[in-house]
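Work through these exercises with the structure open beside you. Each task is followed by its solution.

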Amino acid sequence: MTSPNDRNNDGGVPVPTTPVGASGTAPAEYPPAGPAGRGMFGNQGTGDVSGYGGLVRQRKPIEEATRPYGGYFDEVRDALEEAYPAFGDAIEKVVVDRGELTLHVRPERIAEVCQVMRDDLSLRFELLSSVSGVDYLGADARRLHVVYQLTSMTYRRQVRLEAAVSAEDPHLPSVTAVYPTADWQERETYDMFGIVFDGHPNLTRILMPDDWEGHPQRKDYPLGGVPVEYKGAEIPPPDRRRSYQ
């Protein structure tokens, strides 16, 4: 790197200089502490969203909703309770947040609940849009959650089902017999989070190589990686990068 003022007397050619504040060594270093800045519109804090500043997001506790829920949510809950005698044992809590209804289901009951949600004439959630995983590391003893997005094309409604398992016993029933679309979605959730779907017809990795160790989207998975070359420059893996200066 050169400075416009660093030129020799005879040729005016810039000479290399070391940038002020740069660090040439890895692994990543925390930037020096400084006073918090004040941003636009009254924003307080450093504005650092990279994680290098050690910021910790305060998680809002998930609380059970009280009735009436509003909209069609009460109808869905009542229809499921009427059609499914084990409702009280299977449903851990009902949450309404950001305009969405979530039924938290005991893991061992998830396939049964999906069957009722699909087949009951008052519910008719015919489509499973997606199956995905979430890792609540440090916030929940059963840190691995599986989220099922159900859609009723008959009534034009949407509902989330959520089941939680521990990292020590990450098992729950597959719903592929109820919703065939869950086949590859459960494989991806298994691959990325290590959640085992018992009864799946072919639970193998779908994104990572078959001999890959670990599950990359768990929050305790090491960053690691390999260096990447791009347009002549080498980009180091995340755990070998310097902090922002």
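**Exercise 1. Find which strands helix H4 lies across, and give its angle to E5.**

Solution. Locate helix H4 at residues 182-193. Helices (H or I, at least four residues) and strands (E, at least two) are DSSP runs, numbered from the N terminus. H4 lies across E5 and strand E6 (144-152). Its direction runs at about 5° to E5. Axes are lines fitted to C-alpha atoms, for helices over the stretch in contact, and angles run from 0 to 180 degrees between N-to-C directions.

The model is predicted: local features need pLDDT of at least 70, side-chain atom pairs count only at pLDDT 80 or more, and totals for chains, interfaces and linings use all residues. Residues are numbered from 1 along each chain as its sequence is written, and side-chain values use heavy atoms, without hydrogens and water.

**Exercise 2. Write down the strand order of the five-stranded sheet and explain its edges.**

Solution. Read the order as E3-E4-E7-E6-E5. The sheet is open, with mixed pairing. Two strands pair if DSSP finds at least two bridges between them. Now take the edges: E3 (91-97) and E5 (127-135) each have a single partner strand, so one side of each lacks a neighbour in the sheet. From one strand to the next, the twist averages 20°.

**Exercise 3. Describe the pairing and hairpin of E3 and E4.**

Solution. Start with the pairing. E3 and E4 (residues 100-105) are antiparallel over six bridges. Aspartate 97 stands opposite glutamate 100 in E4. Then look at the turn: two residues sit between the strands, and arginine 98 takes a positive phi near 55°.

**Exercise 4. Is arginine 160 buried or exposed?**

Solution. Find arginine 160 in strand E7. Its relative accessible area is 15%, so arginine 160 is buried. Next, check the contacts. Leaving out residues up to four places away in sequence, arginine 160 touches Glu100, Leu101, Thr102, Leu103, Val147, Tyr148 and Gln149.

Conventions: Contact means heavy atoms within 4.5 Å. Buried means under 20% relative accessible area, exposed over 50%, partly exposed in between (1.4 Å probe, protein chains only).
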